[in-house]
Amino acid sequence: MTPTLSAVLVISAALFCIGLLAALSRRHAIFILIGIEMMLAAAALNFVAFWRFSPEPQQPTGVMVAIFAIAIAAAEAAVGLALVIAVYRHYRTTNVDKFDRGEGS
Amino acid sequence: MNPWIVSNLWLIPALPLAASLCILSLGKAQRSPAALLAIFAQVAALVLAIVAFLPTLATPGFRAVHNFTWFTFGENAVRIGFLLDPLTAAMLVMITFVSLCIFVFSTGYMAEDTNFSRFFAYLSFFSAAMLGVVISNSLLLFFVCWELVGLASYLLIGFWIHKPTAAAAAKKAFITTRIGDIGFFLGILWLYGSSGTLLFYDDGRGALEAAALLAIGSSATFIALLIFCGAVGKSGQFPLHVWLPDAMEGPTPVSALIHAATMVAAGVFLVARVFPLFSLGAVDGVTPALTVVVWVGVITAVMAALIAIAQDDIKRILAYSTVSQLGLMMVSLGVGGVAAGIVHLLAHAFFKALLFLGAGSIIHGSHHEQDIRRMGGLRRLMPVTFATYAIGMMSLSGVPLLFSGAWTKEEILHGTAHWHGSPVPHYLLLLGVVLTAFYMTRQMIYVFFAQRRSTDAAHESPRVMTIPLIALAVCSVGLSVILTPAWPWLHEYLLGRSAEFHLGRIIQPMLFISALLVGAGIALGVLLYRSVGTTDPLAQKQPALFGFLANRMWLDELYGNTVLRLSAFVALWSDWMDRHVWDGFVGAAGTFAQLTGIVSSGVDNAAINAGADMGAGGARDTGRLVSTWHSGQVQIYLRAVAVGTLTLLLLYAWLA
């Protein structure tokens, strides 16, 4: 069974929805970050799928964008984790319901 | 190059003024410092006056001005300045010298007064104001100082404020002169309107110089007459002379100062100063303005001399004689003899100050008795006063040859004789000469001769009072040297010419005429009053005439019944109008404003405020609603983003 474009897109959409659900419903900051990463992965998967089923799959254009997105996502995850640690040090909790104030104290 | 003194002429009035302020700040207790300060300032002013006199002596017709801008409004600069010419210089020396004599005399005369230092402060102020009048080169500055003279006279005439008559006399003097000043001020405005300057001399641009006179043209007559109103008030000319005799309520040195050196001289000086305005467009030396001056002067001279005959108060007689002599000076100015008039003013200042101070000495020596009917026989009791008073009397009467008054009076009579207007003033003035000699003889006999009619012991005054008398007497006689027709130095000096000596000119027909007239007056006086009692011989023979004259021709009563009655009526009417008519208007306007206020406040509360409140409330509620969305919950924001994106996507899908 060869994969088709629509099958890959369904997987990608499912991945996105799972990520969105995680980002919206989890209370733990790290899980929200994981949800966001999943949505990013879904987008990268879309890129690769459209590139693979395009008329010219010889040039590695789509996969290049995906690799870029993954690299940037890694950097972004690092920044995000650092932020979470900073917030934790300040509030002594990682529950996003507890920090509803954008100010220092 | 102007001499140093021209730009520093202001020092001359500034010194007495500063002394006056110092004395006032010293307080009541400092009696001798006050007198010393006043006298010292006057001596300094006299020295400066002599310094100012010297350059005018060196150059005949010397005239120097020092003008500067006082302030600027819009495009008009108000310029004032100082003027030094023979007229100013002669007046300066006269005023400072006579004032000095009066100041020294006052230290004796006022020695027992509680307000001794205040008196000297006022005297200094008076002298300063008059010196300011003399040096000013601008009609504006002139007017300012002129009013200061009026203020000073008010303060001094009413010096004994506890006396109601003195207070009334001060008020009368102030208000009467003010009537003239209204005219004067209108004249100033008119002059400024037509010539654009109030400076007398300004290198060809002054109001008294050819260009401005050309611009003024025919309105000069009216301007001159309006300015003359001021002189009439200040110099006690008919019909505004009534304040001068009442001014006798002040202390005697004040009377001397008012009647000799300051105040009344200001009016004559004013006419002399602006004489070019009076004489503009003269035909044979006659202009309408000058004719008015002549007739006012003649009426004043004769009327005052007549009234003086029937007065019993020693100072009042002298007061009317001053009015009469001022009339004489005005006549002289009116007939064109400016120099003759001023020369008489200067000579008169000396002998009138002498007479008043003599009267002060008599009053002081006979325990504040002023009624000549209760004097008599003072000749032996007060020899120095008698001798000096006699010199003053003969100067005033115009006894020929020795006394200064005779020469100046002769000059004036000479001028009137050749006037082209009318011969009548000349004859009336000759009558005035007889009358003057007559009433002065009457006074002399009453005061110094005959028997003593009072039991009080009179005594000679202290030396501090007799020395000024002697100084003034010496001046009255000594001044003749520069006044005779043989060597009329002062006359020619004022005209800016140099005098030549001609002994032959001393014999003039006028000399014999005036000698005859004076002799007649004195003889008449001696004849009538040789055996004088407590009742006046003239009053016995002509009671109606005497009463008429003794009551000052009923002029005060006439004014009281006409002018004062009218003004009282106008005041009452104004008061009634105020209460019943204007008050109503004002009240109506007030009520209208009140109503408008009520309506306006209602509109404010009901419409404008309510609208604003509603708007503010809406904004507040909206803010509160919107602020609830801003919860700070990250996931709610994310949810909103998700819902928003989904909505947009669905919208896109549906529309595309």
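Start in chain A, where α1(A) passes α2(A) in a left-handed crossing. (Left-handed: the near helix is turned anticlockwise from the far one by less than a right angle; clockwise would be right-handed.) This is a predicted model, in which local features need pLDDT of at least 70, side-chain atom pairs count only at pLDDT 80 or more, and totals for chains, interfaces and linings use all residues. Residues are numbered from 1 along each chain as its sequence is written, while chains are lettered from A and ligands numbered from 1 in the order in which they are written.

**Stop 1: the α1/α2 pair of chain A**

Select residues 5-25 for α1 and 29-52 for α2. Helices here are DSSP runs of H or I with at least four residues, strands are runs of E with at least two, and both are numbered from the N terminus. The two axes come within 7 Å and cross at roughly 165°. Axes are lines fitted to C-alpha atoms, for helices over the stretch in contact, and angles run from 0 to 180 degrees between N-to-C directions. α1(A) and α2(A) are therefore roughly antiparallel. The cut-offs: under 35 degrees is roughly parallel, over 145 roughly antiparallel, 65 to 115 roughly perpendicular, and the rest oblique.

Now show the contact. On α1(A), pick out residues including L9(A), F16(A) and G19(A). On α2(A), the partners include F31(A), M38(A) and L45(A). Two residues are in contact if their C-beta atoms, placed from the backbone, lie within 7 Å. By class, the contact has 19 nonpolar, four polar and no charged residues. Nonpolar covers Ala, Val, Leu, Ile, Met, Phe, Trp, Tyr, Cys and Pro; charged covers Asp, Glu, Lys and Arg; the others, Gly among them, are polar.

**Stop 2: R92(A)**

Go to the segment after α3 (61-91) of chain A, where R92(A) sits. Most residues other than glycine have a negative phi. R92(A) is exposed, with 8 other C-beta atoms within 10 Å. (Buried means 20 or more other C-beta atoms within 10 Å of the residue's own, exposed 12 or fewer, partly exposed in between; C-beta atoms are placed from the backbone.)

**Stop 3: across to chain B**

Display both chains. Eight residues of chain B are in contact with eight residues of chain A. The chain B side of this contact divides into three nonpolar, four polar and one charged.

**Stop 4: α2 and α5 of chain B**

Select residues 11-26 (α2) and 116-135 (α5) of chain B. Their axes lie 8 Å apart, at an angle of about 160°. α2(B) and α5(B) are therefore roughly antiparallel. Their crossing is left-handed. Residues in this contact include P16(B), A19(B) and I23(B) from α2(B), with F120(B), S124(B) and L131(B) among those from α5(B). The contact divides into 14 nonpolar, five polar and no charged residues.

Next, center on L37(B), in helix α3 (residues 31-58) of chain B. L37(B) is buried, with 22 other C-beta atoms within 10 Å. Which residues does L37(B) touch, not counting those up to four places away in sequence? They are A19(B), C22(B) and I23(B). From L37(B) to C22(B) is 15 residues in sequence and 8.3 Å in space, C-alpha to C-alpha.

**Stop 5: α18 and α21 of chain B**

Select residues 383-397 of chain B for α18 and 463-478 for α21. The helices pack at an angle of about 30°, with axes 9 Å apart. That makes α18(B) roughly parallel to α21(B). The crossing is left-handed. By class, this contact has six nonpolar, six polar and no charged residues.

Center on A473(B), in α21(B). Is A473(B) buried or exposed? A473(B) counts as buried, with 23 C-beta neighbours inside 10 Å. Leaving aside neighbours within four places in sequence, A473(B) is in contact with L354(B), T388(B), I391(B) and G392(B).

**Stop 6**

V424(B) is in helix α20 (residues 424-448) of chain B. V424(B) counts as partly exposed, with 13 C-beta neighbours inside 10 Å.

Finish at helix α26 (residues 555-629) of chain B. Where is its kink centred? The kink, about 45°, is centred on D578(B). The bend at a residue is the angle between axes fitted to the seven residues ending there and the seven starting there. Of the 75 residues of α26(B), zero are buried, so the helix lies largely in the open.
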